[in-house]
Amino acid sequence: MEYVYTALTLNEADAEITEDNITAVLEAAGVDVEESRVKALVAALEDVDIEEAVETAAAAPAAGGAAGGASADAGGADEADGDDADEAEADDGDDADVPDDAGDDDEEADGEGLGNLFG
């Protein structure tokens, strides 16, 4: 991720995004620079209008967030009904062998690979 941040910083400073400039910034920040990653980044950004890409990326979550919020509201109603059913089962004692945190594994699994996307 630091490579992308460096490119964004150079762009914001109106500096040319070159291998030398990226390497200099990364080394100044104390990053062990991988030359292959620097070359790949410069090649990938060669024909990219960074300003336009940033504007597009900034606008995308706003549009997606509204739709996601509506889905979450609808899902929340379903979950409330499901909670009542879970409470009823708990009262029966049928789920005594199921640990209370059985649903927590799904929450952890959802974010498990996010660290691998960056870096």
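**Helix α1 and its partner α3**

Visitor: Hi! Where do helices α1 and α3 come together, and at what angle do they cross?
Guide: Welcome! In this predicted model, the axes of α1 (residues 2-12) and α3 (residues 35-45) come within 11 Å of each other and cross at roughly 50°.

Visitor: What do you call that arrangement of α1 and α3?
Guide: Angles from 65 to 115 degrees count as roughly perpendicular and those under 35 as roughly parallel, so α1 and α3 are oblique to each other. The crossing of α1 past α3 is right-handed.

Visitor: Which residues make the contact?
Guide: From α1 there are Tyr3, Val4 and Ala7, and from α3 there are Arg37, Val38, Leu41 and Leu45.

Visitor: And how many of those are nonpolar, polar or charged?
Guide: The contact of α1 with α3 has 6 nonpolar residues, no polar ones and 1 charged.

Visitor: Let's stay with α1. Which of its residues are buried?
Guide: Tyr3, Thr6, Ala7, Leu10 and Asn11 are buried. They lie on the same side of α1, because they span an arc of only 135° around the axis.

Visitor: What's on the face turned away from that buried side?
Guide: That face of α1 carries Tyr5 and Glu12, which are exposed.

Visitor: What follows α1?
Guide: Asp14 follows α1, and its phi is positive, near 55°.

Visitor: Switching to the whole chain: how many helices and strands are there?
Guide: The protein chain has 6 helices and 0 strands, giving the pattern α-α-α-α-α-α along the sequence.

Visitor: What share of the residues is buried?
Guide: Of the chain's 119 residues, 9% count as buried.

Terms used: Residues numbered from 1 in each chain as written. Predicted model: local features only at pLDDT ≥ 70, side-chain atom pairs only at ≥ 80, totals over all residues. Heavy atoms only, no water. Axes fitted to C-alpha atoms, helices over the stretch in contact; angles between N-to-C directions. Helix = DSSP H or I, 4+ residues; strand = E, 2+ residues; numbered from the N terminus. Parallel < 35°, antiparallel > 145°, perpendicular 65-115°, else oblique. Left-handed = near helix turned anticlockwise from the far one by under 90°. Contact = heavy atoms within 4.5 Å. Nonpolar A, V, L, I, M, F, W, Y, C, P; charged D, E, K, R; others polar. Buried < 20%, exposed > 50% of the residue type's maximum accessible area, 1.4 Å probe, protein only. Arc of directions from axis to C-beta.
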